[in-house]
Amino acid sequence: MKKNNAVLLSTPYIIWMVVFTLIPLGVVGYYALTDPDTGVFTWSNIAALGTYLPNIVRNLGGTTSTYGLALFVNAMSEMPVMAMASKWMKKVGAMPLCVLGGCAYFIRNLIVSLAPNLPVLFFGLLFQSISYGLLTAVVAYYVIYYLAPQDQIMGQTMIGMMTSGCGSM
C-alpha cells in the first residue's frame with residue numbers, strides 16, 4: 001500500500017517535469033534539427049552556429065575586435081581542460097566525459113544562440129572548454145587506450161573527419 005501512495009504523491013511532479021521540461025526541450029530540439037521550410041531533419045542549424053558567430057557578435061554590438069576576443073576565449077578556455085582530460089578519464093572513464101562534453105555542446109549552442117548581450121555570449125563561449133576541449137581530448141585518448149595498435153591511425157582519422165571534416169558540416 002505504501003508503494004501506491006508514493007506513486008500517487010510523485011504524480012504531480014512527474015506531470016510538471018513532462019509539461020515544463022521535456023516538452024519544451026522537445027520543441028527546441030525539433031526546431032534545432034529541422035529545416036524551417038521543408039520540415040526535414042538537418043544538422044545545418046547547429047553547424048551554422050560557427051559560421052554565423054561573427055554576425056551574432058555584430059548584432060550584439062560587437063566589432064571585429066570583439067569577434068577576435070570571442071575566438072580567443074574559445075581557444076584559451078580549452079587548454080586547461082585538455083590538460084586535465086587524461087586524469088579525469090582515468091577516474092570516471094571515457095563515456096561519462098563524452099556525455100558531459102555533448103551536453104556542454106548543447107548548452108553552449110543554446111546560450112550563444114539566445115544571448116541577449118555580449119557578456120552572456122562570452123559566458124556561453126566558455127562552455128567551449130567543456131564541450132570541444134574535453135570531447136576532443138577524451139576521444140583522442142579513447143582511441144589510444146581502447147583500439148588495437150593497427151586500428152589507431154584509422155581511429156584518429158575518423159575523429160578528424162567527424163570533428164572538422166564531414167561532421168562539422
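Which residues of α4 are buried? Keep that question in mind as you open this predicted model, and let's start the tour there.

**Stop 1: helix α4**

Select residues 94–114, which make up helix α4. The helix has 21 residues and reaches 30 Å from its first C-alpha to its last, close to the 30 Å expected at 1.5 Å a residue. Now colour Ala94, Leu97, Gly101, Ala104, Arg108, Asn109 and Val112: these are the buried residues of α4. Turn the view until you look down the axis of α4; the buried residues fall within an arc of 130 degrees, so they line one face of the helix. Next, pick Val99 and Leu114, two exposed residues carried on the face of α4 that is turned away from its buried side.

**Stop 2: the largest nonpolar core**

Select Leu53, Ile56, Val57, Ala70, Val73, Val112, Ala115, Leu118, Leu121, Phe122 and Leu125. Together these 11 residues form the largest nonpolar core. You met Val112 at the previous stop as a buried residue of α4, and here Val112 is part of the core.

Leaving aside residues up to four places away in sequence, leucine 125 touches Leu53, Ala70, Val73, Asn74, Ser77, Arg108 and Val112.

**Stop 3: aromatic pairs**

The count comes to 3 aromatic pairs. One of them joins phenylalanine 123 and phenylalanine 127 in an edge-to-face arrangement, 5.5 Å centre to centre with 90 degrees between the planes.

For another pair, select tyrosine 142 and tyrosine 146. Their rings form a tilted pair, 4.7 Å centre to centre and 40 degrees between the planes. Both tyrosines lie in helix α6 (residues 128–146), 4 residues apart, about one turn of the helix. Show the surface to finish: tyrosine 142 is partly exposed at a relative accessible area of 33%, while tyrosine 146 is exposed at 52%.

Notes:
Residues are numbered from 1 along each chain as its sequence is written. This is a predicted model: local features need pLDDT of at least 70, side-chain atom pairs count only at pLDDT 80 or more; totals for chains, interfaces and linings use all residues. Side-chain values use heavy atoms; hydrogens and water are left out. Rings of Phe, Tyr and Trp (its six-membered ring) pair if their centres lie within 6.5 Å; planes under 30 degrees apart count as stacked, over 60 as edge-to-face and the rest as tilted. Buried means under 20% relative accessible area, exposed over 50%, partly exposed in between (1.4 Å probe, protein chains only). A nonpolar core is a set of buried Ala, Val, Leu, Ile, Met, Phe, Trp, Tyr and Cys residues joined through side-chain atoms within 4.5 Å. Contact means heavy atoms within 4.5 Å. The expected span of a helix is 1.5 Å times one less than its number of residues. The arc is that of the directions from the helix axis to the C-beta atoms.
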